[in-house]
Amino acid sequence: MNWEQAESKWYQWKGLAKAKWARLTDSDLEFIAGKRDQLVGKIQERYGVAKDEAEKQVNEWRAGFDAQLAEHRSARKAG
């Protein structure tokens, strides 16, 4: 899934982002509005990590969705 697709589903993903990065406030999540660079910046700000680390976390988080989507598609084909 590319980030544009993720951005369009942000309202669904906000809760998952909050669960992953509990220091993000509701206001932060509204500000981010699905924008990858805004998410990276807020993670840097709230957790005091370098941009590379914040980007790594976001990439891993998003990759988890890709894996879940692939698993779901495989299960539908098998079923």
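## Core and helix packing in a predicted model

Leaving aside neighbours within four places in sequence, Val 58 is in contact (heavy atoms within 4.5 Å) with Trp 3, Trp 21, Arg 36, Leu 39, Val 40 and Ile 43. This is a predicted model, in which local features need pLDDT of at least 70 and side-chain atom pairs count only at pLDDT 80 or more, while totals for chains, interfaces and linings use all residues. Residues are numbered from 1 along each chain as its sequence is written, and side-chain values use heavy atoms, with hydrogens and water left out.

Val 58 is also among the residues with the most contacts inside the largest nonpolar core, together with Trp 10, Trp 21, Leu 39 and Trp 61; this core has 15 residues. A nonpolar core is a set of buried Ala, Val, Leu, Ile, Met, Phe, Trp, Tyr and Cys residues joined through side-chain atoms within 4.5 Å. Buried means under 20% relative accessible area, exposed over 50%, and partly exposed in between (1.4 Å probe, protein chains only). At least two residues of the core come from each of α2, α3, α4 and α5 (51-78). The most come from α5, with four residues.

Helices are DSSP runs of H or I with at least four residues, numbered from the N terminus. Residues of α2 (10-20) are buried at Trp 10, Trp 13 and Ala 17. These lie on the same side of α2 because they cover an arc of only 60° around the axis, taken from the directions from the helix axis to the C-beta atoms.

| Side of α2 | Residues |
|---|---|
| Buried | Trp 10, Trp 13, Ala 17 |
| Exposed, on the other side | Tyr 11, Ala 19 |
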